Structures are given as structure tokens and as C-alpha cells.
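Subject: Handover of a structure and summary of findings

Dear colleague,

Please find below the structure that I am handing over to you.

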Amino acid sequence: MGVGAVDKIIACLVNEHDYRMVLVAGVVCLCASLTAFRLYSRMNGARGLVRGAWLLLTALVAGSGIWATHFLAILAYNPGVKTGYSPTGTMMSLMVAVFFMAAGFFASTAYRDIGNKLAGGLLVGLGVAAMHYTGMTSFVTQGTIQWEAATIGASVVVGILGSIGALIAADDARRFPRQVAAAVFLTVGVMALHFTAMGAITIVPDPSVVVPDQLGGVMTLAVATITGLIVLGGLGAVLIESTTSRSALERIRTLANAAYEGIVVVQNGIIKDANAAFCELAGTDLESLLGKPFGEGLLTFDDDLGVQMDAERREGHMHPVNGDQSVPVEIFARAMDDGARSETRGLTVLAIRDLRERRSAEENIRYLAEHDGLTGLPNRNALQARLSAALDRVEASGETLALICVDLDHFKEANDLHGHLAGDAVLIEAARRLQASVTAPSFAARLGGDEFVVVQVTDLDQPTAAAELAGQLLEALKEGIVYEGQDLAMAASLGVSLYPDDGRTGEALLANADMALYRAKENGRGAYRFFKREMDETIRERRNLARELRQAILDEDLVVHYQPQARACDGEILGFEALVRWRHPVRGMIPPLDFIPLAEETGLILPLGEWVLRKSCAEAAAWDKPLSIAVNLSPLQLNQPNLAQLVHEILIETGLSPMRLELEVTESALFKDYQRALDNLRRLKAMGVRIAMDDFGTGFSSLSTLQSFPFDKIKVDKSFVENIHRDARATVIVKAVLGLGRSLDIPVVAEGVETDEQLQFLRGEDCAEVQGYAIGRPAPADTLGAWTNDLPAVLIAAATSMAAESTSAPRKRKKAA
């Protein structure tokens, strides 16, 4: 196309067109294009049928707008001869425009890359050209129309370029400035194509051609009205959708601000919105947060995954902008995409939960679980852990270690003569003096009752350092105390064992120090004694006992007694715990505390545990009622590689349903080989066997253990239950464990329930099950018929009444002198 063609195009526009109509056509085209791209923004983020609806509306508005522009511009054209048009071709051009607009806009959004924008622009440009030249077939004039091919090609190229520019400028059309830019590009392209195409016409007058009369004004008004209605309909849809979105957003914001957790909306790592709770955690207002990168200086994660939005739950710390102390938080993330709006694409909603109260409660529970409730000293389980750590330390550093068992000599007198509160005062003061007598890494702990332990870690020579410390302890504990005007005597006896001479393990050192303590009490009290090898007589006695226990297992001189477990609210018996007893031919009935530790030390616990499991399953399978049977697993059993296979074989052999078997494990049992223990528990649970956490609260890893494995039941240790209403801290621990069980939806069983007062307290705290002398004493299987067999109700009531009468008096503990 040469310079002459360009001049002809300009002359056509200047001399042969009505400027007013040209202006109207341009305004119509711009308005329609702007409306189309606003609709396009909604279509761009929609899915499925919703996307199809937006696409149809976009194509209809864009096609009718471009068609109206063409028609109005034709009406503005005055070549100096009479002109007219055919309605059929005019309507055909409208359908062509709508079809090509739909194809072009669809192609441009199939994938978000430049190739699709080019393809979509090409289709839109071709659609504008097809619409124009289809419409020109209906153009009638009093003469012959001659076309210039080069100018026609130029008009098509101009239209395509304008269309491509419009789609590239629009991108996803989410922001209004992009919509305006795209509308301007498309309007320029359409107008340029039209007037370039009109410049390709040369009309040769021919008076013989008859042009019918046209109602130009009426058609102009009709076209403008129809097009305006379509454009207004599209704008109305956008406004309704926007208003609905804003209304929904306001409702969501109101709800979010009422939430306790912080809620923040993030898009591509940038904060888009947040509620009041999040702003409070961040230590600043919303305006200061908007547009800032999420996680950059504001939030750090405890793991090493970085700022990822696809992790459903994580933990981290908020760092307030105002410089306040960092806040431990729990983060929950969820992608938000309603499938209908582009604004939701890529959005992630995060809930930030303040963990300060929970961490404080956990620390409190952990402290109570690791420390004696009365004196604040480490308890027995904490002692085991700290003693093990101390042994590792001296093994590596070359320091020396002494273990001193301390027993208060006059505690029983103070407790019996002046009451439990006076006894508590003695224990608290004794603990304070013991703690004041040692410095880290040495420490003091309470075993229970009036028994304490002091572990000395020093770089001084032994036994000199231990003798000096033992003398200091005796001196510190010999002064009496005054309680409510009463003088309470205090003194102590001490037994000392040395590492490694008297033992290389904590258990051995404790046992030998206890032997030395017994020797000190025998020799008049108020003194200390070191462990001597002549004390090994006790050890020889234990070896004999171990040999007899091995034979008793083979001869089945053992018997299993069953203690009932009842529902707390109504006392209904739900099952039994199996407790092994040893019927010795000479010694008589030997309690478990005398031979179970021995069995664990010698490895006899494995055959003993298997016998108890097999025996209890067989007897339970013979009961008429499908009551549960609980069996304890020792640490050695729990770490057996073939444990799950053994339990499966016993269940098949005895015919007991796995759902009726409940295996009880202690916290300490898990930590010999933690992973193997968890693997065994998971295999057992997969078989249908229930798993209970026994002696909960006496260890130092209860919370992490509960998090690692879904236990079916928690058993509160009897050391806490028996002190309900006698020890405020024990009462708090029981309440805390019951609350923890409710929060985790794990039933809690209280062990050692001996009084009606304890039972009523547990019922008031919604304890699930209870076990203890208040419910029933352990008894052989052949005496349990009232509970296990389908007897008439009157017989069951009578048997239950007799059992209640026989166990109504609580067991009283007496300390050996």
C-alpha cells in the first residue's frame, strides 16, 4: 500500500464521513470494549459452566459493540451518491462478530502465555475483519464498487495488531487500568480497520442501479438502543457480581474479626488482608501489613521448609513489629478458590493460633509430672532420667559420682502425732535443706514418702567427697522445726553407693545405696553407711528367688488375679486388669512388687509375660459376657521383634476377640527402643487390640508420647489418685490429666480409687473409668461369676453388694520402721 492509498484513506475519512456519527461510533466501540474486558476479567478466573456463561456474555457484548461501531460508521459514510444496505447481510455480520469474539477470547485464556494471547488476538482481529467485509456485502450504492486488494490486506493487519495489543495489555484484566488500556487498543484497532477498509473502495456511479429508500434515523436509533442494552446488561452483571462479592467480603471480614485465631489472606507471598487478631499478633495495624511479604521478618517457622503455603499445619513464631517478645504460634493453611472469580486465584488463607496459653499449660503439666507435688523436687521418674544423664557425664568427663539415699528418722512420729499437715511441713523443710546443701550438677530428688536421694557429681576424690557431703546432710537435717507452735524433731539416716565401684547403672547404685541405708538404720539411725560387699547376701537371696521364679513359671505355680474396672458414672463393670501372683510353696503368696522387678532384671519377664497373656486371654474367652481384659506389657516385651506375631497366635489359640484385649504400656517402656516400640504398638492396633498408657503422669515424655501414638486409653497413676483432697497439687494433676483426655477424646481411667470421696470427685470431673479397692479387689477368675457370667439380676445384685461390703474399708498404708 503506497502513499496514494494512505492519502485516499485520509481523504475518505475527512471528506466522505459525518464527524458526529464517527464520534458516536467511537464512543460506542470504546464503551463496549471496556465492558467486554470487565466481563473478560471475570471469565478469566472462572471454571466450568460459570466460565462458559461469562465467555458468552463477553462475546455478545464485544461482538455487538464492534458490529454497532461498523453500522454507525457506515451510516456516517457519504460518498456523494445514494447508498443503502441489505438487512440480511447486516444481521449475518453480527453473528460473525459474536462467533469470532468468543473464539478469540477463549483462545487467549486457554493457557496464560504469550502464544495464547497472539492466537486470541489473531482470531479477534480476523473476526473484526470478517464482520466488516460480511457487512459490506449488504452495502448498496448507486454505482459499482471497486476494491483495492492491498488496502484490504492492510486493514486486516491493522485490525489484528490492535486486537493482539488489546489482549496483551489486558493480561488477566484483573485491574481497571489494564481494562481501560485494552479497550483503547481494541477501539483503535476496530476504527483503524474500518476506515482503512473504507479507503479501499472506489465507487463508479451508475444511474441504472436502483437503491431502495432506507430509514436511516430509525435504524441508527435501533442499533444504538440494542447495543446500549447489551452493554448495560454486561455492566449490570459485573456490578451485581461485584456488589455480591463486596457484601460477602464484608460478612467474612466481620466473622473473621470475631475469631480468636489470627486470619491472614496471602496471594503469591503478599499479604492481601488480615483480621484484628492477626494484627494484634503482628503488633501493628492492617494498613501497615497490606502489600508486605508474608513471613519476611514477621513469621518464622520451626521447621526448615521455608514459607510454603501447601503445608496444612506447621508451628513457628510471630515477631511483632512493635518489638514485643516473639509469640509461639500454630499455622494452618488452606487454598481458597471458589471457581468463579479471578480474584481468588492463588489465594491462601492462613489461621494463626496463639500457643502461649497452651504452651504454658503444657509446661505446667510437664513440671507437675516431673516434680514432686509437695516438695517441688524431681520425682522418681525424673530422678531416673537425670541420674542416667549424670552417669553419661561422669563416664565422659572422668568426674566422680556418689548416690546417697536419705530416710527421715522421725517422720512417722510427726505424721502420726501432729497430723498429715505437720508431716508435710517436715518433708518440705527437709527437701529445702537437701536442695540447699548441693550445687549443680549435683541434685536432690524425692522417691516418695520420707525417702530422698542426693546425687553428687564432683571432681573430688571418693569416698572422701561423699563422706563429707553425707556429714553435711546429717548436720543440715538434725535440727528440728516448729510447726504451729509445736516442736517437731528431725533426723536422717543415709546410705551411700559409689560409681563405678558399687554399680555402673542407676538401678544398681540405688539398690546398693538402699542396702547401705538399711544397714545405717539397723545400727541406730542418725548416721551414714557406705555400701560394702558383705551386703551381697541380699543379692544372693535375690538370685535364689530368681531361680525359684524360673521354676515356678515352668511348673505354673503362678496364678492370675483380676481386678475389675468400672464405668465411673454408674459403676457398671466394663472389664478387668490381669495381675499375676506367685503362690510359693514355702514363702506363701508373694506380691508382684517382690518378683516383677526381679523378673525384669533377669529377663524372666518374657516367659512370665507370655504366660500371663496366654492365661488371661484363655480365661477371659470363657466368660459369658464380652468384657475387656487388660494385660501389662513390660519394656522387654514391648521391644520384642515378634510381639505382634505372638499376640496374634495367642488370640487365635484362645479364641479371644482382639477388640476385648487391652495392652497397657508405661511411658518408660517406650524409650528403650522408641521406634521399635511404636512399630509394635501400630501392628497391635492394626489387629484391633487396644493400647492404654499406664501410670500416666509419672514420666517426663507423656505429652510427646500421646502426640506420637493414638492411645485408646490413659490411666492416671494411683500415686496422684490416692492424694486427691490430701495434696492440692496431686488434685490439680488429676484434673489436668482428665481435661487433657477430654481434649484429645481419649478415655481416662483412674487407678487406686479406694474411698467413696475419691470416687465422687472423679465422677464430678467426668472421669470415664475407675479401678481400685473401692470397686473390687483382685481375685481369681473362678470368683468373678457375678460379673462375667449371665446370671439373674438378683444374684448379680447380691454378689455386688457382698463385694462392696468386703471392700468398704479403705486400705491403710503403714510405713515400716
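I629 stands opposite L661 in β22. The model is a predicted one, in which local features need pLDDT of at least 70 and side-chain atom pairs count only at pLDDT 80 or more, while totals for chains, interfaces and linings use all residues. Residues are numbered from 1 along each chain as its sequence is written, and side-chain values use heavy atoms, with hydrogens and water left out.

The two residues named above belong to a parallel pairing of β21 with strand β22 (residues 661-666), which extends over four bridges; strands count as paired if DSSP finds at least two bridges between them. Strands (E, at least two residues) and helices (H or I, at least four) are DSSP runs, numbered from the N terminus. Strand β19 (residues 573-584) also runs parallel to β21, and three bridges join them. In that pairing, G575 stands opposite S628 in β21. Strand β21 (residues 628-632) is mostly covered, since four of its five residues are buried. Buried here means under 20% relative accessible area, exposed over 50%, and partly exposed in between, with a 1.4 Å probe and protein chains only.

**An open sheet of five strands**

A further sheet is open and consists of five strands in the order β12-β13-β11-β16-β17, with mixed pairing. Its edges are β12 (443-448) and β17 (528-530); each has a single partner strand, so one side of each is left without a neighbour in the sheet. From one strand to the next, the twist averages 20°. Within this sheet, strand β11 (residues 400-408) pairs with strand β16 (residues 492-499) in the antiparallel sense, over eight bridges. A402 is placed opposite L498 in β16.

**Helices α6 and α7**

Helix α6 (residues 149-170) and helix α7 (residues 176-198) have axes that come within 8 Å and cross at roughly 175°. Axes are lines fitted to C-alpha atoms, for helices over the stretch in contact, and angles run from 0 to 180 degrees between N-to-C directions. The two helices, α6 and α7, are therefore roughly antiparallel to each other, a term for angles over 145 degrees. By class, their contact has 14 nonpolar, eight polar and one charged residues.

L193 lies in helix α7 and is buried, with a relative accessible area of 1%. Between L193 and I160 there are 33 residues in sequence, and 8.8 Å in space from C-alpha to C-alpha.

**Aromatic rings and charges**

The model contains twelve aromatic pairs. Rings of Phe, Tyr and Trp (its six-membered ring) pair if their centres lie within 6.5 Å; planes under 30 degrees apart count as stacked, over 60 as edge-to-face and the rest as tilted. One of the pairs is that of F37 and Y40, which is edge-to-face, at 5.8 Å centre to centre and with 80° between the planes. Both residues lie in helix α2 (residues 19-45), three residues apart, about one turn of the helix. F37 and Y40 are both buried. Elsewhere, ring pairs link Y562, F576, W623 and W787 into a cluster.

Two arginines have the charged end over a ring: R386 sits over F443, 4.3 Å from the ring centre, and R777 sits over Y773, 4.1 Å from the ring centre. The rule requires CZ of Arg or NZ of Lys to be within 6 Å of the ring centre and within 35 degrees of the ring normal.

**Backbone features**

Most residues other than glycine have a negative phi, and most peptide bonds are trans. The following are departures from that pattern.

- A440 and P441 are joined by a cis peptide bond, with omega about 10°; P441 lies in the loop between α14 (420-437) and β12.
- Q462 and P463 are likewise joined by a cis peptide bond, with omega about 10°; P463 lies in the loop between β13 (451-458) and α15 (464-477).
- E556, which is not a glycine, has a positive phi near 55°. The residue E556 is found in the loop between α17 (537-555) and β18 (558-567) and is exposed, with a relative accessible area of 51%.
- H725, also not a glycine, has a positive phi of about 70°. The residue H725 is found in the loop between α25 (718-721) and α26 (728-744) and is partly exposed, with a relative accessible area of 45%.

Yours sincerely

Conventions: Parallel < 35°, antiparallel > 145°, perpendicular 65-115°, else oblique. Nonpolar A, V, L, I, M, F, W, Y, C, P; charged D, E, K, R; others polar.
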